[in-house]
Amino acid sequence: MLEVRNLHAGYGDAEVLFGIDLDVKPGEVVAIVGSNGAGKTTLLRAISGAIRPTQGSIRLNGTELAGRPTHQQVESGLIMVPEGRRLFPRLTVQRNLEIGAYSARARPNLAQNLEQVYELFPILKERSQQLAGTLSGGQQQMCAIARGLISTPQVLMLDEVSLGLAPVMISRVYDAIRAIRDRGVTLVLVEQNVNQVLSVADRAYVIQHGRVALSGSGRELQGNEDVRRVYLGLSSAEEKRQ
Ligand SMILES: Nc1ncnc2c1ncn2[C@@H]1O[C@H](COP(=O)(O)OP(=O)(O)OP(=O)(O)O)[C@@H](O)[C@H]1O
Ligand SMILES: [Mg+2]
């Protein structure tokens, strides 16, 4: 479905990605993990059009999309939910969700998609008229994911959904991610929280210094101590704390 080949990207003269290859099949959950500064966010930005790749190819269902701006990627169904949620704090939850449907692709589905995300996140329905800035951190994260879903994604890419959330909220967000997957949405999850993400991922890529250091099934990587220590920078003690 999504096919990334030899992708190079960076900021100004500083190259960050050095030839990434990535495949996402329909209905799959793919995790992208790696230590701080490895280039995970940059990879999602390059795919979603927020930054322009300097080289390489991004195909969605066979159509070349590399180098197109974000609004065109959104029309094609490549949707990124950025780290830090980026909601409009002074608008209501419902307005924030409606803004997710600004594209021509999503607009006709708004009523139906709104109903679906309210089914998926009943708390957002309860709080639909509340200002988004007054939601808890976990609720804001759910609102951001819901806004991504309203955009009618072909591939929904989530950057660090569990960052800064309490463990109980992380579990809830991941329950929602499983429910989204069960509805057949294709997902790319960038995460620091390796344990959570590898438990839900069909496949995972470990990014190191802007390259794919290794890839495999979520379970394979989860069980591999060396992988965790060497590539993810997790000591056993740190892991126990996670
Ligand atoms: N806007 C920017 N301008 C210049 N350099 C940047 C910018 N954003 C990121 N970088 C650099 O690109 C590299 C990769 O950053 P990126 O944010 O992609 O890493 P990451 O894997 O998402 O890390 P983290 O786990 O901390 O979120 C880093 O060296 C970072 O300093
Ligand atoms: Mg990042």
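Colleague: Why are H4 and H6 called roughly antiparallel?

Modeller: Helix H4 (residues 110–120) and helix H6 (residues 137–150) pack at an angle of about 150°, with their axes 9 Å apart. Axes are lines fitted to C-alpha atoms, for helices over the stretch in contact, and angles run from 0 to 180 degrees between N-to-C directions. Angles under 35 degrees count as roughly parallel, over 145 as roughly antiparallel, 65 to 115 as roughly perpendicular and the rest as oblique. The angle of about 150° therefore makes H4 roughly antiparallel to H6. The model is predicted: local features need pLDDT of at least 70 and side-chain atom pairs count only at pLDDT 80 or more, while totals for chains, interfaces and linings use all residues. Residues are numbered from 1 along each chain as its sequence is written, and chains are lettered from A and ligands numbered from 1 in the order in which they are written.

Colleague: What makes a stretch a helix or a strand?

Modeller: Both are DSSP runs, numbered from the N terminus: helices (H or I) have at least four residues and strands (E) at least two. The protein has 11 helices and 10 strands.

Colleague: Which residues of H4 and H6 meet?

Modeller: Asn 113, Leu 114 and Val 117 in H4 meet Ala 146, Leu 149 and Ile 150 in H6; two residues are in contact if their C-beta atoms, placed from the backbone, lie within 7 Å. By class, this contact has five nonpolar, one polar and no charged residues. Ala, Val, Leu, Ile, Met, Phe, Trp, Tyr, Cys and Pro count as nonpolar, Asp, Glu, Lys and Arg as charged, and the others, Gly among them, as polar.

Colleague: Why are H6 and H7 called roughly parallel?

Modeller: The axes of H6 and helix H7 (residues 167–182) come within 9 Å and cross at roughly 15°. H6 and H7 are therefore roughly parallel to each other. The residues of their contact divide into seven nonpolar, three polar and one charged.

Colleague: What makes up the shell around ligand 1?

Modeller: By class, the shell has four nonpolar, seven polar and one charged residues, where near means a C-beta atom, placed from the backbone, within 6 Å. Among the residues around ligand 1 are Tyr 11, Lys 40 and Gln 192. The largest share, three residues, comes from H1.
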